[in-house]
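Please look over the structure shown here and follow the report with it in view, moving from a whole chain to its parts and then to a few single residues.

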Amino acid sequence: MLDAEARVRGAVRYAVDLELPDMLIAKVLRSSIPHGRIIRLDASEAETTPGVAAVLTAADFDQPGGPSLMYGANIPDQPVVARDRVNYVGEPVAVVAAQDNASAETALAAVRVEYEEETAVYDPLEASAKGAPALHADHPDNRFVHGKLRQGDVQAGFDAADELIEETFTSPLAQQASLEPHTAVAQWTDGMLNVWTGAQAPYTVRGVLAEIFGIPPEGVRIIVPNLGGGYGGKGHVRIEPLVAAVAWKATGRPVRLTLSRAEEFVTVTKHAAVITIKTGVKRDGTLTARQVTLYWGAGAYADASPGLIRASVPRSVGPYRIPAVRVDAYGIYTNLPPAAAYRGAMSSQCTWAYESHTDTIARRLGMDPLEFRRQNMLRSGEQYCTGETMHDVHFVECLEAAVEGLGWKEPLDRGAGPVRHGRGMAVMLKSSIARSKSECRLVLDTDGILTVYTSTVEMGQGAHTALAQIAAEAVALPLAHVRVVGPDTAITPYDATTSASRSTNMMGTAVLDAAGRLKDRLRQIAAPILEVEAEALSVERGEIFDDSEPESRMSYGEALERSGLDSIEVTGMHATQGGLDPETGQGVATPHWHQGAGACEVEVDIETGKVRVLRFHAASFAGRVVNPSLARLQNDGNVIFGMGPALLEEMVFDQGQLLNPNLSDYMLPSLSDAPEEMGSRLLESSAGEFHGIGEMTLPPVAPAIANAVFDAVGVRIRELPITAERVLRALKGGEGG
Amino acid sequence: MTVDFLRPTSIPEVIEALTGAGDEGKLIAGGTALALMLRHRLIVPSILISLDRVEGLSGIWSSAHEIRIGAMTRLREVEISAEVRSAFPALAAACGEVGNMRVRNQGTLGGNLAEADYASDPPTILLALGALLRAVSTAGERLIPVADFFQGFYTTALAQDEILAEVIIPRGSATTRMAYTKYRSRSSEDRPCAAVAAVANLNDGICTDLHLAVGAACEVPRRLAEVEALAEARALTEKLIHEIADGYAEAIETLEDLRGSSWYRTEMIRVFVRRALVEVRSGRR
């Protein structure tokens, strides 16, 4: 990474380090009940607490000239702070801005709230059942989105099958658990809103805030410093409305809100999922039809879920040749914190289901899981269930690279005594965002320094390093001559979001576009000086020259100077135009398919049920690798990250109250849980397109482990995480259940 | 709200401060657990009495019959002490299992015991070793057997004005064998789901004086004298080991948390009592 040394030395400034003169500290009063009415909310005592500058409640909204209370990406169902109802434990009810922590806490304690509790519902299946309490009056069945895919005649496919196999898989709520908690600072200056925030989608934040405050988008400036991790949890808009609104009340003074770890858990989560998958298959291994039904527990507000749940539809089927497919994906409100993207978004839950299921089918047919997959995996030129033709797909190669690293064909020592060994594999496909846009600006100055202005967020993944490398190569300058200026909506041009592993692909391609224009401009300004046609000029290694006349050449800086220019500025853009029909799921799901695979060896202690991953080999399709060491770290990081939801991570609730809102009780993998042997392969293709790699080897982790557990001890775990207790119960045939 | 922070330099001063503070006072040793409790507002004392300047509370003293460890001795010091490693290797091992290096460098043995966290390592092995805890109060000194010290979740036999000064561990014989097994059901940095400490004399394969303690799976570490007695003057056969394991699994009322249900913990007691006894039998000290 460009700033690796600064990172190691602790010199990099993160959002959480922001300090502004005269800054106030914000604290949030949160609902203590999962569902009910607010029958009294009195902040008068809090307002007079010494040191308090502002107390924000719903009463401050929807006044002439004031902010609007309700917002939402697709469905404006979420209040900035609760007005008359609360829908989950932890929902913001009031916000205090004070001169220090202690005054803010004293003021919070002085806000009087009385609730009248109502029946709550937490499970997505129960919430969508008849008679369940409704969270929002306009969605009486708690279903706010229904994603569909219809391809072929599924019933005929099932009729033609020799075997019908149906299984249900579950995946619980989890938390993105970035090292750095959400932090935002807001300040109003002359009617203009400035926000410094740890956000993955600065332009989305800008748009939502502009709408809430009824000002033009240009009236909002969003600046994003380095993030200490995002993993989807900082996507869309999170705490910015809270801090911007309390800053609006605090007139002029900057206000900072930094969440505690406990608040992180009630601010954003991974979707809970219940996925039923039914497949028809012939005895020779040919798949005839598949039906997938997904219930996504989205928490109390729709947030970014409608788009994510629609995107889950093509992600739920798997990279296989299946002539008839039906998918129904429901987004369900529950009395839990809102859910959003979580690294490997929706694909992790989907791959957990279809890749565990793939092994079940192979075992039922008595086929080797690798051979069965090989027989059915999609190749380039074949049609996916969305109706689009797959191009540049390498599922077979990815899976083969992973199993080759593991040594699938080598004999396996199955262990002795209580410790048994097994191996498993999984492959996945993931769509990126079908329709989105990235823009950038390149500025070259007379010192030969190139500055890349980009709204791509650097959150530890190395995006700025990769963009600098792409720019350096494309403009033919040394990497040391390239600077990257990160998101500031007053300076850096539009980008949709830093998520869905799209930055290297989308922003990288925008940089290539800009670099092409920059070289054209250099040719144009150099042509009259060198007295050569612009088209005849080469731009390489920092110089502009005519191939036929080696003497006539000049540096970029010289070309600028002799043309009387201080700098050259060009813009670049890359946009994709896809989309699926909402009724049939037919169309273009993604500009390109993300592809990854994993294979592992585990040991299972049959007396305790504990699973240890001994070796994990991962492979992803990278198209064209920009930075081999960062790319490899993405694969390795995915595997260790993925072991969390596979084996450990689960938010556990009792009547809507979270029982493990800290990193002692909510378990993340530690480095000593990492497999002793980790392999990473990055497949490239001659086509040379940049592919996203930030998530591709994550979704295979959980099903590969579950398949290895089955191989080791013959039990099929269908609930995540694969805890020792779940495995032991399964081994004992449900004893003690 | 402000908190008074007192730093007495002698045990009598500590007791005086404790007496004066009444229910508002809390002792702070290494602070690794207390700081978390303060932060989460599980306790809200108005007077904190630090033990960091008290003379004579830290150190490891060895004699022919016992080893004494001062209450303010860091867990890391116990873990690496040559005296402890030689006399009670399982105690050194258990102290080496607490938290992580940062915690062990700061946390103290006395603080660990006085916190009475059910998911802690030292209490279980100290129970099996038959340790005595020297406590001092206005009323004078007394020795509390570890078996009587832990009274419930985060509750000890210490009186409000009493301070734990020292841990006294009687030495075993040349034929004493011991083991401490800790089972983590989740990540390798998690707190235990169950822990078992076993201490026994093994003479030509014949077991006497088996002390077997189970912790982390129940409210307080437990020994079962009647089950231990099954091993008296007998060889530790597979059959006997299973009997003892079943005896513990069936008699101990297990707790339930995110590290395992009550049923699971009962099963883990069965597994790890067996594994600890197999380790003891194998002859490792």
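## Chain A as a whole

In this predicted model, buried residues account for 58% of the 737 residues of chain A. Among the contacts in chain A that link residues at least 6 apart in sequence, 79% are between residues at least 24 apart. The C-alpha trace of chain A spans about 80 × 75 × 50 Å along its principal axes.

The secondary structure of chain A consists of 18 helices and 35 strands. Chain A has a radius of gyration of 27 Å, which is close to the 27 Å that the globule rule gives for 737 residues, so chain A is as compact as a globular protein of that length.

## Domains of chain A

The domain assignment divides chain A into domain 1 (4–118 + 182–258), domain 2 (269–376 + 391–433 + 581–731) and domain 3 (435–577). The centres of domain 1 and domain 2 of chain A, taken over C-alpha atoms, are separated by 35 Å, and 18 residues of domain 1 of chain A are in contact with 20 residues of domain 2 of chain A. On the side of domain 1 of chain A that touches domain 2 of chain A, there are six nonpolar, ten polar and two charged residues.

## A five-stranded sheet in chain A

Chain A contains an open sheet of five strands in the order 9-18-17-16-10, with mixed pairing. Strand 9 (143–151) and strand 10 (163–171) of chain A stand at the edges and have a single partner strand each, so one side of each is left without a neighbour in the sheet. From one strand to the next, the twist averages 10°.

Within this part of chain A, strand 16 (residues 272–281) and strand 17 (residues 287–297) pair in the antiparallel sense over ten bridges, and A:Val281 stands opposite A:Leu287 in strand 17 of chain A. Helix 9 (residues 305–315) of chain A packs on the sheet, where it touches strand 9, strand 17 and strand 18 (325–332) of chain A, and the direction of helix 9 makes about 20° with that of strand 9 of chain A.

For chain B, the domain assignment gives domain 1 (4–50), domain 2 (60–170) and domain 3 (178–281). The C-alpha centres of domain 1 and domain 2 of chain B lie 19 Å apart, and eleven residues of domain 1 of chain B are in contact with 18 residues of domain 2 of chain B. On the side of domain 1 of chain B that touches domain 2 of chain B, the largest share, five residues, comes from helix 1 (residues 11–21) of chain B, and the residues of that side divide into seven nonpolar, four polar and no charged.

Between the chains, 18 residues of chain A are in contact with 15 residues of chain B. Helix 18 (residues 724–731) of chain A supplies the largest share of the side of chain A that touches chain B, namely three residues, and that side comprises eight nonpolar, five polar and five charged residues.

## Backbone details

Most residues other than glycine have a negative phi, and most peptide bonds are trans. A:Leu720 and A:Pro721, however, are joined by a cis peptide bond with omega of about -10°, and A:Pro721 is found in the loop between helix 17 (701–713) and helix 18 of chain A.

Phi of A:Thr251 has a positive value, near 30°, and A:Thr251 lies in the loop between helix 7 (240–249) and strand 14 (255–258) of chain A. A:Thr251 is exposed, with 9 other C-beta atoms within 10 Å. In chain B, phi of B:Arg41 is also positive, near 60°, and B:Arg41 is placed in the loop between helix 2 (34–39) and strand 3 (47–50) of chain B. B:Arg41 counts as exposed, with 8 C-beta neighbours inside 10 Å.

How values were computed: Residues are numbered from 1 along each chain as its sequence is written. Chains are lettered from A and ligands numbered from 1 in the order in which they are written. This is a predicted model: local features need pLDDT of at least 70, side-chain atom pairs count only at pLDDT 80 or more; totals for chains, interfaces and linings use all residues. Domain bounds come from an automatic or database domain assignment. Two residues are in contact if their C-beta atoms, placed from the backbone, lie within 7 Å. Helices (H or I, at least four residues) and strands (E, at least two) are DSSP runs, numbered from the N terminus. Ala, Val, Leu, Ile, Met, Phe, Trp, Tyr, Cys and Pro count as nonpolar, Asp, Glu, Lys and Arg as charged, and the others, Gly among them, as polar. The radius of gyration is taken over C-alpha atoms; the globule rule is 2.2 Å times the number of residues to the power 0.38. A residue is buried if 20 or more other C-beta atoms lie within 10 Å of its own, exposed if 12 or fewer, and partly exposed in between; C-beta atoms are placed from the backbone. Two strands pair if DSSP finds at least two bridges between them. Axes are lines fitted to C-alpha atoms, for helices over the stretch in contact, and angles run from 0 to 180 degrees between N-to-C directions.
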